[in-house]
Amino acid sequence: MNPYTDEERQKADAIFEETLGKISLGFDPEVLKILDDPESSENQREEIKKKISQEIATHLMQLANSAYLGKISTGKIASFAAVILRLGTLYVKIFIIGFGLLALAKDERSKTLLAKSFSAAVIGKLLAEHLNWSKEYVQEVEVCCLFAEIGKVLLFLYEKMQGEPLPAEFIERYHLLMALKIAERFELPEYINRAISCLFGDTSLTYSHQTLSTEGAVMMAYATVNYIFSSEQCLVVRTPMPGAADVFAMTPGKAICNYLSSLALSNMYLKIITEKP
């Protein structure tokens with residue numbers, strides 16, 4: 001990708017400010033300060049549930065209780081403070097911002113983008129787990145995949161506000177700049193910037209010492225999901241699935257299904273082709 005000019009960056013700034021200034025993200029910005037504060041109390045964290053949209057709160061509760069996390073035997077959790085404890089403050093912050101943005105535009109194109117983003121997130125997570133990475137790095141891959149095309153959401157909304165479509169090449173050129181501005185505005189970790197910049201600004205698969213880098217894992221997960229969606233408009237996975245009697249068994253297919261089900265995405269955007277174990 002050719003470097004961005006000053007004129008392009010200024011245009012991106014104008015679009016970003018105009019669009020973000022006219023939308024409601026589905027959460028009170030105060031919740032981000034609570035999540036960023038390591039000294040915040042359990043009561044403050046519990047109150048977050050009242051300061052985010054019901055849709056975001058419901059999906060976080062479902063995700064925290066999902067067998068996808070491998071916690072099915074520990075029992076269901078009911079309090080939002082417990083959700084934050086289980087998922088982690090940074091993860092919850094990034095999910096609130098990511099889902100809040102991805103859920104804004106309700107047209108079919110945007111719904112597909114939301115499904116593709118979360119599909120890439122779960123595939124990236126599984127890839128990192130199969131590489132035996134620590135939980136910290138697994139979550140890095142997952143959230144970077146989630147944010148890979150998030151800049152397109154703002155461009156779709158800007159397009160709607162203007163009442164006329166933007167050229168496809170304009171969206172492909174500018175969505176990275178928009179994503180970087182989202183990360184900057186909400187003070188997200190630098191690794192998100194690095195990963196999405198590498199994804200759309202580089203053509204090499206990167207390694208770190210003896211294994212894939214975070215950016216390399218994000219690129220592999222995103223490229224896989226993007227390729228499948230470009231043909232099928234959903235995620236198609238060929239995988240063994242546990243039998244009805246295997247309540248606690250977990251296969252990659254079941255993990256993917258649990259994850260997308262917790263986000264109400266599995267019915268339309270997931271196709272499982274069952275293979276014998």
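A salt bridge here is a side-chain nitrogen of Lys or Arg within 4 Å of a carboxyl oxygen of Asp or Glu. This is a predicted model, so local features need pLDDT of at least 70, side-chain atom pairs count only at pLDDT 80 or more, and totals for chains, interfaces and linings use all residues. Residues are numbered from 1 along each chain as its sequence is written, and side-chain values use heavy atoms, with hydrogens and water left out.

The structure holds 13 salt bridges, among them these:

| Pair | N to O distance |
|---|---|
| Glutamate 17 – arginine 185 | 2.4 Å |
| Glutamate 47 – lysine 50 | 3.3 Å |
| Glutamate 159 – arginine 109 | 2.4 Å |

Take glutamate 159 and arginine 109, which pair up at 2.4 Å. Glutamate 159 sits in helix 9 (residues 151–162) and arginine 109 in helix 7 (residues 108–130), so the bridge ties together parts 50 residues apart in sequence. Helices are DSSP runs of H or I with at least four residues, strands are runs of E with at least two, and both are numbered from the N terminus. Glutamate 159 is buried at 9% relative accessible area, while arginine 109 is partly exposed at 38%. For those words, buried is under 20%, exposed over 50% and partly exposed in between (1.4 Å probe, protein chains only).

Over at the other pair, glutamate 47 is partly exposed at 34%, and lysine 50 is exposed at 66%.

Zooming out, the chain has 14 helices and four strands, and 52% of its 277 residues count as buried. Its C-alpha trace spans about 60 × 45 × 40 Å along the principal axes.
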